[in-house]
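Here are some notes to read alongside the structure. Keep the sequence open and find each residue as it comes up.

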Amino acid sequence: MKKVVGVNFRENGRTYFFNPNDLELKIGDQVIVETKMGQEFGTVKILNREIDETKLKEPLKDIIKIATRNDIKHQEENIEEENKASDIFKKKVKEYNLNMNLVETRYLFDNSKLIFYFTADNRVDFRELVKDLASIFRTRIELRQISIRDQVKLLGGNGICGLKLCCCSFLKDFDGVSIKMAKEQNLSLNTSKITGNCGRLMCCLKYEQNVYEEKMKKLPHIGAIVKTESGEGTVDGVEVLKEIITVKLKDEEGNNYKKKYNAQEITIIKDNKNTDDNQEKLEEQEIKELEKIEAMDKKEQKNASIDDDI
């Protein structure tokens, strides 16, 4: 087992693990660490955690030292320079007439690189802009297009559940989310109800999807013909997690009524796996909007992440 220390580089950012290098550290210490990109300034968030070295994808980077007063002053100066660089970047973007929305500007601690994170609807040819910026700042310049999800991760906020956004608290990576997941979970396919602060399908749709998929392998779908103690009927509703089935039946006089059964109390005669029923009930415009959101999400997954540098 390897003893590691967790370090954050942004308030809402991901925690990365480093080799403490026999340093006496405490929570809240500001440190200088070695990353793929170069030296970075971070804050200790987790102490003395042990992890299995065999599960490490790559060797741990070292914590170089605890930040001195001069280091902290230099980081504060970097932040001031980042703000100035942001203003220059926005001005240059207008000059080159580029459709780019600046999200964050960041200097590496040792000033060896200046990175501009931005969002855009499409790919942007910014080669001339990079040359111009390099001549101004006299350091290596990198422009990195990130997703809208990453932008919200930087800004922070609360979800419709009232809790801190998952991407700002514990969620490390953005997995693909689809309309199909919402349909299988019997959620309202309403854009305002299943999209998050980023305007994309909510990440939490993914959390229980495996459970839904496993349970639906043995449960009937809406419209299925089933046999109950009261006779044959049609499935009108499915509470997947509880495994409760609502069945539409007819009494002796031919009147329709509904009754709930545990899944074990019914027998499937003929299932109905046509998953388009709910979709047909929706307004065409609503469906198009959801499909558009899903397509944009898939497209943005190809973009870089704000956490790719460490």
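1. A residue counts as buried under 20% relative accessible area, as exposed over 50%, and as partly exposed in between, using a 1.4 Å probe and protein chains only. F137 is buried, at 16% relative accessibility. F116 is buried too, with a relative accessible area of 0%.

2. This is a predicted model, in which local features need pLDDT of at least 70 and side-chain atom pairs count only at pLDDT 80 or more, while totals for chains, interfaces and linings use all residues. Residues are numbered from 1 along each chain as its sequence is written, and side-chain values use heavy atoms, leaving out hydrogens and water.

3. How do F116 and F137 pair? Their rings form a tilted pair, 6.3 Å centre to centre with 45° between the planes. (Rings of Phe, Tyr and Trp, for Trp the six-membered ring, pair if their centres lie within 6.5 Å; planes under 30 degrees apart are stacked, over 60 edge-to-face, the rest tilted.) Because F116 is in strand β7 and F137 in helix α2, the pair ties together parts 21 residues apart in sequence. (Helices, H or I of at least four residues, and strands, E of at least two, are DSSP runs numbered from the N terminus.)

4. The rings of F118 and F126 have centres 5.9 Å apart and planes at 85°, so this pair is edge-to-face. F118 is buried at 0% relative accessibility, whereas F126 is partly exposed at 21%.

5. The largest nonpolar core has 16 residues, of which F89, M100, F116, L133, F137 and L143 touch the most other members. (Such a core is a set of buried Ala, Val, Leu, Ile, Met, Phe, Trp, Tyr and Cys residues joined through side-chain atoms within 4.5 Å.) Two or more residues of this core come from each of α1 (69-95), β6 (101-107), β7, α2 and β8 (140-145). In soluble globular proteins, nonpolar side chains tend to be buried together.

6. M100 is in contact (heavy atoms within 4.5 Å) with residues including F89, F118, F126 and L143, leaving aside neighbours within four places in sequence.

7. A polar atom of the R149 side chain lies 2.7 Å from the backbone oxygen of L201.

8. D125 is in the loop between β7 (113-119) and α2 (127-137). The C-alpha atoms of D125 and L98 are 8.4 Å apart, although 27 residues separate them along the chain.

Key
Polar contact = N/O pair within 3.5 Å; in protein donor to acceptor, adjacent residues only side chain to side chain.
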